Amino acid sequence: MRVVIERDAESVSRKAARLIADQVRRKPDCVLGLATGSTPLGTYRELIRLHREEALDFSHATTFNLDEYVGLGPTHPQSYRYFMQSNLFDHINVDASRTYVPDGRALDFEAACRLYEQRIKDAGGIDLQFLGIGADGHIAFNEPGSSLGSRTRLKTLTQETIRDNARFFGGEELVPRLAVTVGVGTILDARRCLLLAVGVGKAAAIRETIEGPVTAQITASALQLHREVIVVVDELAAKDLRRRAYYDEVEQSQQLLERGRLRELGIGTR
Ligand code: PGA
């Protein structure tokens with residue numbers, strides 16, 4: 001896991017947007033896995049700016065979102081389809097027919113979930129999976145106890161998640177009890193993962209994810225098994241990390257490598 005610690009939420013967003021933009025420039029027809037919630041908002045704002053001011057071109061990209069609330073249709077202001085339209089898709093040049101969000105109103109969820117998995121496969125798999133993390137360590141809506149091999153399916157939300165998301169709905173009783181979510185196994189199939197966290201409320205989950213054991217109780221910890229994960233966090237979310245100094249050293253080496261300053265790393269000096 002590459003752990004990048006940025007000063008604040010704004011620099012976390014800028015860093016994440018740069019990584020996503022690099023992916024889109026390198027492979028214009030890439031497949032992006034996208035996330036909702038408050039954490040990705042700054043990244044989406046920056047991507048919109050890059051599209052407008054630097055002609056970042058999404059016209060060949062395909063996107064798959066992680067999850068959707070059961071019972072909410074695309075025009076419901078709290079649905080994740082609505083979130084994606086208003087916070088990203090309506091402001092960039094992505095082809096609407098290639099933006100996928102799980103259907104929260106399917107009648108046959110088993111078939112809909114199988115089809116979602118199939119569509120990801122047919123698109124060639126996800127090149128870069130963007131992720132937030134819940135205070136309970138969930139990725140997508142893979143709540144504690146979710147199988148680390150799980151695929152897209154229905155999931156019952158925990159009381160903690162319902163409480164965390166009540167602010168968007170104006171009350172806990174208005175938050176749907178179920179969601180349709182890609183599985184941990186679906187996420188692990190992505191070629192690269194980019195996990196963001198900001199704020200002190202995520203510090204414990206981030207520490208468990210990066211430095212704790214791999215456990216279904218913290219589904220984000222399954223990312224330790226993935227071969228290419230970048231975690232970008234702000235100082236507050238990083239505050240409980242024990243190996244902080246080492247992550248900073250790795251980042252310094254990475255920066256030197258990217259800038260071609262190889263001699264400073266002892267490469268080619270002997
Ligand atoms: P948040 O949610 O970005 O709104 O904190 C993250 C999540 O629950 O995955």
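The legends below describe close-up views of a predicted model.

**View A. The crossing of helices α1 and α2 in the predicted model.** Helix α1 spans residues 9-26 and helix α2 spans residues 41-54, and their axes come within 8 Å of each other while crossing at roughly 50°. Because of this angle, α1 is described as oblique to α2. In terms of handedness, the crossing in which α1 passes α2 is right-handed.

View B. Arginine 25 and glutamate 54 form a salt bridge in which the closest N and O atoms are 3.8 Å apart.

**View C. The salt bridge between arginine 7 and aspartate 8.** In this pair the closest N and O atoms lie 3.8 Å apart. The relative accessibility of arginine 7 is 61%, so this residue counts as exposed, whereas aspartate 8, at 28%, counts as partly exposed. The bridge is one of 19 salt bridges found in a search of the whole structure.

**View D. The salt bridge between aspartate 95 and arginine 98.** Here the closest N and O atoms of the two side chains are 3.6 Å apart. Aspartate 95 counts as partly exposed because its relative accessibility is 31%, and arginine 98, with a relative accessible area of 25%, is likewise partly exposed.

**View E. A nonpolar surface patch made by Leu257, Leu262 and Ile267.** Together these three residues make a patch of about 240 Å². One of them, leucine 257, is found in helix α8, which covers residues 244-258. With a relative accessibility of 45%, leucine 257 counts as partly exposed, because a residue is called exposed over 50% and buried under 20%.

Methods: Residues are numbered from 1 along each chain as its sequence is written. This is a predicted model: local features need pLDDT of at least 70, side-chain atom pairs count only at pLDDT 80 or more; totals for chains, interfaces and linings use all residues. Side-chain values use heavy atoms; hydrogens and water are left out. Patches are made of residues with over 30% relative accessible area and no salt bridge: like charges are joined within 9 Å, nonpolar side chains (Val, Leu, Ile, Met, Phe, Trp, Tyr) within 5 Å. Accessible areas come from the Shrake-Rupley method with a 1.4 Å probe; for residues, only the protein chains shown count as cover. A salt bridge is a side-chain nitrogen of Lys or Arg within 4 Å of a carboxyl oxygen of Asp or Glu. Helices (H or I, at least four residues) and strands (E, at least two) are DSSP runs, numbered from the N terminus. Buried means under 20% relative accessible area, exposed over 50%, partly exposed in between (1.4 Å probe, protein chains only). Axes are lines fitted to C-alpha atoms, for helices over the stretch in contact, and angles run from 0 to 180 degrees between N-to-C directions. Angles under 35 degrees count as roughly parallel, over 145 as roughly antiparallel, 65 to 115 as roughly perpendicular and the rest as oblique. A crossing is left-handed if the near helix is turned anticlockwise from the far one by less than a right angle, and right-handed if clockwise.
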